[in-house]
Structure formats: C-alpha cells, structure tokens
Amino acid sequence: MLKLRRTSWPRELTEAVAIASRHSPGGKEQILAAVQLLDGNWVAGSRAALYLPTATEGAVRRVGWEKIERAGWDSEESILRVYETTAFGTPLRATELKVDDPGRFGQLLRERIDASVLVQRHVPLSGKKGVRVVGRRNPSDPDAPVSWNFVLDKGLEPTEPGLVDRAEAALAAVRDEFGI
C-alpha cells in the first residue's frame with residue numbers, strides 16, 4: 001500500500017471534506033493526499049473516498065472508491081480524468097480535472113481504485129468478445145457490500161437479442177463462483 005506523509009491542507013478543504021464525509025459509514029475522514037487544480041479548486045482522497053469539487057464554492061462531492069471505474073492522466077493536456085461507474089447502458093460519469101501534475105494524489109488515486117477491485121473476470125459472449133464482470137468493495141471497510149457491474153467489449157451492442165441476458169448470466173456465474 002502507498003505510504004503517504006502527513007501534510008496540512010487548506011482549512012477550506014479540510015472543512016469541506018469533513019462536511020461531505022460526516023454521514024459516511026466511518027464518519028469524518030482524513031485527507032491522505034490532495035492536489036490544487038488550475039482553477040484554484042482542490043480534489044482530495046481519503047482511505048474511503050475521492051472528494052471532487054462541485055459548482056458550489058467550497059463544497060466537495062464524496063465518491064466512494066468502489067464507485068470509480070478508472071482514472072487516467074493526460075500529460076499533454078494536463079488533465080486527470082476520473083470515470084465513475086453508472087447503471088448498465090448509461091455512459092460513465094466523467095470528471096476532468098486540470099492540474100499541472102497529480103503527484104502524490106495521482107498515486108493515491110491509482111492505489112485506491114486498484115484496492116477496491118475484488119474480482120475482475122472477462123467472460124466471452126460472442127467469439128472472443130464478451131463482458132468484463134467487476135466486483136468492487138470500498139477498500140477501507142472489509143465488511144462493506146460488494147458493488148457489481150459489467151462492461152461489454154467494444155463491438156458488442158446491448159440491443160443485440162439475448163446479449164444482455166447472457167451478460168447478466170455471466171455476472172451471476174462469477175458471483176456464485178466467488179460466493180460473493
């Protein structure tokens with residue numbers, strides 16, 4: 001696991017995280033890493049969640065690590081992209097964060113997303129193309145419920161007759177296999 005040294009963060013950020021985390025399962029959360037965006041806002045991460053800026057000044061939105069599908073750093077554009085999981089058939093929720101260098105925050109982001117994945121299995125549905133079944137749990141709570149989702153490979157359309165039923169059967173088989 002990534003080791004981070006303690007740093008003091010701007011009071012406004014620590015207060016915003018305290019407010020956003022007060023109703024979370026573990027209560028108030030401590031910031032492990034944060035980075036200031038080019039627009040002056042901050043993004044932060046704790047053991048349990050990612051805190052993204054909102055349209056309301058000084059407020060952040062809490063997203064549990066198990067709800068983050070993936071993240072990527074585009075060094076040419078200086079954009080950190082975060083993709084949240086959504087219901088099947090709807091586009092992922094993408095957030096673009098303009099930052100000079102994600103530094104330690106980028107390391108925390110990768111580590112926490114990876115730590116949330118319990119199971120990831122590719123199941124062929126049509127030749128080599130298929131569905132990626134993923135089971136995630138918040139890495140800060142080993143007793144937290146598992147969130148399941150699946151993603152169809154490119155070239156497969158959910159409108160294809162029977163495809164969604166086969167994908168759901170694949171998800172059920174993976175859940176049964178792991179007893180989760």
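**Conventions for all views.** Helices (H or I, at least four residues) and strands (E, at least two) are DSSP runs, numbered from the N terminus. This is a predicted model, in which local features need pLDDT of at least 70 and side-chain atom pairs count only at pLDDT 80 or more, while totals for chains, interfaces and linings use all residues. Residues are numbered from 1 along each chain as its sequence is written, and side-chain values use heavy atoms, with hydrogens and water left out.

View A. Two strands are said to pair if DSSP finds at least two bridges between them.

**View B. Strands β5, β6 and β7 make an open sheet of three strands in the order β5-β6-β7, with antiparallel pairing.** The edges are taken by β5 and β7 (93-98), each of which has a single partner strand, so one side of each is left without a neighbour in the sheet. From one strand to the next the twist averages 15°. Six bridges hold the antiparallel pairing of β5 with strand β6 (residues 79-84), and the bridge partner of R70 in β6 is Y83.

**View C. Helix α2 (residues 103-116) lies across β5 and β6.** The helix runs at about 150° to β5, where axes are lines fitted to C-alpha atoms, for helices over the stretch in contact, and angles run from 0 to 180 degrees between N-to-C directions. R110 and G45 are 65 residues apart in sequence and 11 Å apart in space, C-alpha to C-alpha. S116, also placed in helix α2, is buried, with a relative accessible area of 0%. Apart from neighbours within four places in sequence, S116 is in contact (heavy atoms within 4.5 Å) with W65, E66, G135, R136, R137 and P139.

**View D. The largest pocket has a volume of about 430 Å³.** Of the 20 residues that line the largest pocket, F88, T90, F150, V151 and L152 are the closest to its centre. The elements that give two or more residues to this lining are β5 (68-74) and β10 (147-152), and β10 gives the most, with four residues. By class, the lining has nine nonpolar, five polar and six charged residues. Here a pocket is an open set of points on a 1 Å grid over the protein atoms alone, where a 1.4 Å probe fits, with protein on both sides within 12 Å along at least five of seven lines; lining residues have an atom within 4 Å of a point. Grid points are joined across faces, edges and corners, and a volume is the space filled by probe spheres set on the points. Ala, Val, Leu, Ile, Met, Phe, Trp, Tyr, Cys and Pro count as nonpolar, Asp, Glu, Lys and Arg as charged, and the others, Gly among them, as polar.

Note on methods
Buried < 20%, exposed > 50% of the residue type's maximum accessible area, 1.4 Å probe, protein only.
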